[in-house]
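Hello,

Please find the structure below. My notes on it follow.

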Amino acid sequence: MPPFERVLAEVDRAADEIVSFTADLVRIPTVNPPGEEYEACAHFLGDHLERRAFAVEYIAAEGRAEHTARHPRVNVVGSRRGGPGPVVHLNGHIDVVPPGDGWTVDPFAGLVRDGKIYGRGVCDMKAGIAAAVFAAEAIARAGVTLPGTVEISGTVDEESGGFAGVAYLAEAGRIAAGRTDFVIIPEPLNVDRICIGHRGVYWFEVTARGRIGHGSMPFLGISAIDGMGRLLESVRDVLMPALASRRTAVPVVPEAARTATININGIVGGQPVDGIQTPCVADLCRAVFDRRFLIEEGFEAARQEIAELVARVAVEAGGVRFDVRELMVVHPTRTPDDSPVIASLDRSIRRVLGRPPALIASPGTYDHKHVARIAGVPHCVAYGPGELEQAHQPDEYCGIDDLVNATKVLALATLDLMGAGR
Ligand SMILES: [Zn+2]
């Protein structure tokens, strides 16, 4: 049997193991926030890799404020060296979002029923981690010589920005240009789609300051809430239509996210409404905005546009003063069209599924940004099992067929990227 056929056969043979490994990962409730059980999960994954001849390192995010004794931020990286060929790094985040309400099954039981595995984080993205592990395992079991090095990492905090996770590994040089050739992140983006990047993020807080006065004589104060109201009107009537008219050439899904957008994450002003009230004009109001910008817009233009909008409103706002404070900036990323990682996955998906993949981009962001921006590795995409729409939902599941197919694709793409003969 040719090598690639043997690898595919080994994945099929391992199907039950892949399912039970995924279910075991789900049973470790790595809920973020606050970051529960990271160390246990990192060691569960690390122990498994060690038994499969990987050299395993644990990298704690020393120096980061969120790395505490109660909630240590521990990442795990395994590497198995073959020949001198390229280094293919498969990265998955071990954290999951809180279960929330509406579940009809136990979110951490790892229930398997009717061809699906259920649980919080099974789709986003513990099934993806299992697929990475068994992709490497199937290559080994098939007796195929590894022309390069395969690395598998489990990292923390992707759901909260990934600063103690992939960003930390990149800053430490563990994922780096010159050391890491290709990165595949098995996020759940559907088994026949390759994700080549995401839009940019500009989170900012606007503080409106007025002047306190007696609530019975509001004309003697300056209401910061009223000033913020004017700003919100401008955002809705002026900014939102302008943003909606800008479309990116990047294939962002869903279709409606292909334009620039803005969301108001939260607002607070005046006195706390659930306490005792005194009659005062509100002298302070704050709101947090989430602006998603396009690669064609660029960050500077997006920032400038907000500054100008706020300045215009301030002129009409009757003495209310505004400050804009930057909270987070994520630059857009896009894998180069001619990247080998796209070509290898394309070939592998056609071979396993018998149809061509779609290239898409994410409406949000994921750890791709750290690989591209900090590590400086351009050849990074997301590809993995599970449906995007399942992420963060109650009764989250991953289909076993998807899981097995994605494992096959990852195995073939890993070999293909290393230049293995088919
Ligand atoms: Zn994810």
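How many bridges join E4 to strand E5? There are 2, and the two strands run antiparallel. Strands are DSSP runs of E with at least two residues, helices are runs of H or I with at least four, and both are numbered from the N terminus.

On provenance: this is a predicted model, in which local features need pLDDT of at least 70 and side-chain atom pairs count only at pLDDT 80 or more, while totals for chains, interfaces and linings use all residues. Residues are numbered from 1 along each chain as its sequence is written, and side-chain values use heavy atoms, with hydrogens and water left out.

**Sheet.** E4 and E5 belong to an open sheet of 3 strands, in the order E4-E5-E16 with antiparallel pairing (strands pair if DSSP finds at least two bridges between them). Strand E4 (112-113) and strand E16 (397-399) are at the edges with a single partner strand each, so one side of each has no neighbour in the sheet. Within E5 (residues 116-118), Ile117 is the bridge partner of Val112.

**Ala42.** This residue is in helix H3 (residues 38-51). Ala42 is buried, at 0% relative accessible area (buried is under 20%, exposed over 50%, partly exposed in between, with a 1.4 Å probe and protein chains only). Neighbours within four places in sequence aside, Ala42 contacts Tyr58, Val74, Val76 and Ile94 (contact means heavy atoms within 4.5 Å). Between the C-alpha atoms of Ala42 and Val320, 278 residues apart along the chain, the separation is 50 Å.

Regards
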